Amino acid sequence: MPTTAQTLLHLDASARRRSFSREAGDAITDAWRLSHPDGIYVHRDLARTPVPQIDEAWTELCDYVLEHQITDIARYREAVHTPAQAAAWEVIEPLLDELVAADVVVIATPMYNFSIPASLKAWIDQVTFPKMSLAGRRFVVAYARGGAYGPGTPRHPHDHQERYLRDFFTGHFAIPEEAMTFLGTELVNSRVDPALASRREAHNASRVAALAAAREIGRAL
Ligand SMILES: Cc1cc2nc3c(=O)[nH]c(=O)nc-3n(C[C@H](O)[C@H](O)[C@H](O)COP(=O)(O)O)c2cc1C
């Protein structure tokens, strides 16, 4: 039986449309929408409609929040004092409202250069303020990557995609491990790189497992 989650925020970050992270993210949210017909579904495509990088005015808002020990997100707007800060706040506010309203945040993300795309990092930079807690929410990450980075693989230490998001959600957003789920498709480059052709079956198996887990999690959220 589904829980009482009412609002789901779905972020996409792949630069391409035929994307394995999009596919896994969609499997989660399609299942969630079926099992939550009255739920509120919000989708933001960070690759197709990028959010800007933070600017100097953003850093001023951040410093004010820290200096005045403002931890209540609803009070962040008190930091706005100049036209440039008002312009920065205009970018932040809708992003933050979407995030705060969400019971569940589904992030579909490729691995780019061992980490997350700049489009997703720009969103994190915009919405994150000092000592901000998002406890009570659930985070689900649907990733895709060209190689294999699981525990025990030679590349595991280079995984700054899952590792970074896990550390950030627990360390900054105060999300407990049990409120986070990571799933995804590995070895995607075996589809294009002849040197990885022998890993194509492992890739297919990873994709099938990721989609099954995605549907299951989407239903159960
Ligand atoms: C700019 C760029 C950087 C990439 N860097 C890596 C990498 O460091 N490690 C890796 O395993 N795959 C890497 N890849 C491959 C992607 O992770 C892979 O194609 C994945 O499927 C992309 O996600 P998507 O299918 O959702 O677009 C990179 C791809 C691109 C376009």
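Student: Which residues of α2 and α3 meet each other?
Tutor: This is a predicted model. In it, Ala57, Trp58, Glu60 and Leu61 of α2 are in contact with Ala84, Gln85, Ala87, Ala88 and Trp89 of α3.
Student: What classes do the residues of that contact fall into?
Tutor: The contact of α2 with α3 has seven nonpolar residues, one polar and one charged.
Student: And at what angle do the axes of α2 and α3 cross?
Tutor: They cross at roughly 90° and come within 8 Å. An angle from 65 to 115 degrees counts as roughly perpendicular, so α2 is roughly perpendicular to α3.
Student: What about α3 and α4, how do their axes cross?
Tutor: The axes of α3 and α4 cross at roughly 95° and come within 9 Å. That angle makes α3 roughly perpendicular to α4.
Student: Which residues make the contact there?
Tutor: From α3 it is Val91, Ile92, Leu95, Leu96 and Leu99, and from α4 it is Trp123, Gln126 and Val127. By class, that contact has seven nonpolar residues, one polar and no charged ones.
Student: Back to α3 itself. How many residues does it have?
Tutor: Helix α3 has 19 residues, 83–101. From its first C-alpha to its last it reaches 27 Å, close to the 27 Å expected at 1.5 Å a residue.
Student: Where does α3 have a kink?
Tutor: At Ile92, shortly before the proline Pro94, and the kink is about 30°.
Student: Which residues of α3 are buried?
Tutor: Ala88, Ile92, Leu96 and Leu99.
Student: Why would residues with that kind of spacing point the same way?
Tutor: An α-helix has 3.6 residues a turn, so residues three or four places apart point the same way.
Student: What do the buried residues of α3 pack against?
Tutor: They pack against β1 (7–12), α2 (56–67), β3 (104–110) and α4 (118–127).
Student: New topic. Where is Ala144, and is it buried or exposed?
Tutor: Ala144 is in strand β4, residues 138–144. It is buried, because 25 other C-beta atoms lie within 10 Å and the cut-off for buried is 20 or more.
Student: What does Ala144 touch?
Tutor: Not counting residues up to four places away in sequence, Ala144 touches Ser19, Phe20, Ser21, Ala24, Pro110, Gly184, Thr185 and Val188.
Student: How far apart are Ala144 and Val80?
Tutor: Their C-alpha atoms are 38 Å apart in space, and the two residues are 64 apart in sequence.
Student: OK, and Leu134, where is that found?
Tutor: Leu134 is in the loop between α4 and β4. It counts as buried, with 20 C-beta neighbours inside 10 Å. Leaving aside neighbours within four places in sequence, Leu134 is in contact with Phe173, Ala174 and Ile175. Its C-alpha is 13 Å from that of Glu177, which is 43 residues away along the chain.
Student: What is phi for Gln69, then?
Tutor: It is positive, about 55°, although Gln69 is not a glycine. Gln69 is in the loop between α2 and α3 and counts as exposed, with 8 C-beta neighbours inside 10 Å.
Student: And what is phi of Phe114?
Tutor: Phi of Phe114 is near 70°, also a positive value in a residue other than glycine. Phe114 is in the loop between β3 and α4. With 16 C-beta neighbours inside 10 Å, Phe114 counts as partly exposed.

Technical notes. Residues are numbered from 1 along each chain as its sequence is written. This is a predicted model: local features need pLDDT of at least 70, side-chain atom pairs count only at pLDDT 80 or more; totals for chains, interfaces and linings use all residues. Helices (H or I, at least four residues) and strands (E, at least two) are DSSP runs, numbered from the N terminus. The expected span of a helix is 1.5 Å times one less than its number of residues. The bend at a residue is the angle between axes fitted to the seven residues ending there and the seven starting there. A residue is buried if 20 or more other C-beta atoms lie within 10 Å of its own, exposed if 12 or fewer, and partly exposed in between; C-beta atoms are placed from the backbone. Two residues are in contact if their C-beta atoms, placed from the backbone, lie within 7 Å. Axes are lines fitted to C-alpha atoms, for helices over the stretch in contact, and angles run from 0 to 180 degrees between N-to-C directions. Angles under 35 degrees count as roughly parallel, over 145 as roughly antiparallel, 65 to 115 as roughly perpendicular and the rest as oblique. Ala, Val, Leu, Ile, Met, Phe, Trp, Tyr, Cys and Pro count as nonpolar, Asp, Glu, Lys and Arg as charged, and the others, Gly among them, as polar.
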